[in-house]
Amino acid sequence: MAKNTVLTLKKKVDEGGKVTMVTSYDYTMAALVEEAGIDMILVGDSLGMTMMGYDSTLPVTMDDMVHHTRCVTRACNDTFVVGDMPFGSYQTDIPTAVANAARLMKEGRCQAVKLEGGVTVCEQIRAMTQAGIPVVGHIGLTPQSVNAFGGFKVQGKSVEAAKQLVEDALAIEAAGAFSIVLECVPADLATYVTEQLSSAFTIGIGAGSGTDGQVLVAQDLLGMTTGGFKPKMVRQFGQIGEAMKQAYRAYDEAVQSGDFPAAAESYKIDPAVMEGLRAAK
């Protein structure tokens, strides 16, 4: 596997290929993604729910993102790693946004940052790219704005909303973003948005197959979520959660029965040492 960069990813899309991205939040999972040959890892602020147990992404801090991004990048030599900018880290003012993005790049050692929003965050994107920070945009359903949206809903379903989505995508591209995530957008609209862009490539999640790439949350993809809820946009490519539960149960049963650890899993000592120990008692 060759090192993925902004240029190689764009070249792959230009040659008709599709970019693959998954989330990872720790060293072990990232190492497996790297070995599998996935193009990109998103250290998403979705870690607030998948790793930290929050009910949204909003409580995630810059310290959280730096910590998890650094864990992921230690595992990756070739995979392109994108660190998510958490809520409140870029919305207040441009200097703060650039400083936080630079911190995520420097301390987290990722190759790009991602931030949510359209026209309203173009100045931040422009300032970041001018500072040498590659940026991935994110429009459609933006989870950090879930309270404003009134829940997790498909975006761009009216003419006006669709026009705004196109305007946001073009504005983000013009500001310097090299890629744009389209989340929960009707398939035909996502394809249309993709066709309107000239330099930025699109990555869909719940946006149909007409985008230039796809991203899924690892826990969704692997069947590791609990409670039985599976969003419409998710396909489970494995049932790792069930396999893990079976392994844990088998371990518990083996310990209770005395089957584990067996002699092969134990260390030996010279019988003379034990005799000497008992004699000295």
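Q: Thanks! Where is Thr 202 found?
A: Thr 202 is in strand β7, residues 201-205. Before we go on, this is a predicted model, where local features need pLDDT of at least 70, side-chain atom pairs count only at pLDDT 80 or more, and totals for chains, interfaces and linings use all residues. Residues are numbered from 1 along each chain as its sequence is written, and side-chain values use heavy atoms, with hydrogens and water left out.

Q: What counts as a strand or a helix here?
A: Both are DSSP runs numbered from the N terminus: helices are H or I with at least four residues, and strands are E with at least two.

Q: Is Thr 202 buried or exposed?
A: Thr 202 is buried, with a relative accessible area of 0%. Buried means under 20% relative accessible area, exposed means over 50%, and partly exposed is in between, using a 1.4 Å probe and protein chains only.

Q: Which residues is Thr 202 in contact with?
A: Leaving aside neighbours within four places in sequence, Thr 202 is in contact with Ile 180, Leu 182, Thr 194, Leu 197, Thr 211, Asp 212 and Gly 213. Contact means heavy atoms within 4.5 Å.

Q: And which side chain does the side chain of Thr 202 make a polar contact with?
A: That would be Thr 194, at 2.8 Å. A polar contact is a pair of N or O atoms within 3.5 Å; within protein, one must be able to donate a hydrogen and the other to accept it, and residues adjacent in sequence count only if both atoms are side-chain atoms.

Q: New spot. Where is the place of Asp 84?
A: Asp 84 sits in strand β3, residues 80-84. Asp 84 is buried, at 2% relative accessible area.

Q: What does Asp 84 touch?
A: Not counting residues up to four places away in sequence, Asp 84 touches Leu 42, Val 43, Gly 44, Asp 45, Met 65, Leu 104 and Lys 114. With Lys 114, the side chain of Asp 84 makes a polar contact of 2.9 Å.

Q: Let's do helices. At roughly what angle do the axes of α4 and α5 cross?
A: Helix α4 (residues 62-73) and helix α5 (residues 94-108) cross at roughly 35°, and their axes come within 8 Å. Axes are lines fitted to C-alpha atoms, for helices over the stretch in contact, and angles run from 0 to 180 degrees between N-to-C directions.

Q: Which residues meet there?
A: From α4 come Met 62, Asp 63, Met 65, Val 66, Thr 69, Arg 70 and Thr 73, and from α5 come Asn 100, Arg 103, Leu 104, Glu 107 and Gly 108.

Q: How many salt bridges does a search of the whole structure find?
A: The search finds 9. A salt bridge is a side-chain nitrogen of Lys or Arg within 4 Å of a carboxyl oxygen of Asp or Glu.

Q: Which side chain does Arg 103 meet in a salt bridge?
A: The side chain of Asp 63 does the pairing, at 2.7 Å from N to O. Arg 103 lies in α5 and Asp 63 in α4, so the pair ties together parts that are 40 residues apart in sequence. Asp 63, Arg 103 and Glu 107 are also linked in a network of salt bridges.

Q: How about α11: where do Lys 245 and Glu 242 lie?
A: Both are in helix α11 (residues 240-257), 3 residues apart, about one turn of the helix. Lys 245 and Glu 242 form a salt bridge, with the closest N and O atoms 3.5 Å apart. Glu 242 forms a salt bridge with Arg 249 too, at 3.8 Å between the closest N and O atoms.

Q: What phi does Arg 109 have?
A: Arg 109 has a positive phi of about 65°, although it is not a glycine. Arg 109 is in the loop between α5 and β4 (112-116) and counts as exposed, at 61% relative accessibility.

Q: And what about the phi of Cys 184?
A: Cys 184 has a positive phi of about 50° and is not a glycine. Cys 184 lies in the loop between β6 (179-183) and α9 (187-196), and is buried, with a relative accessible area of 12%.
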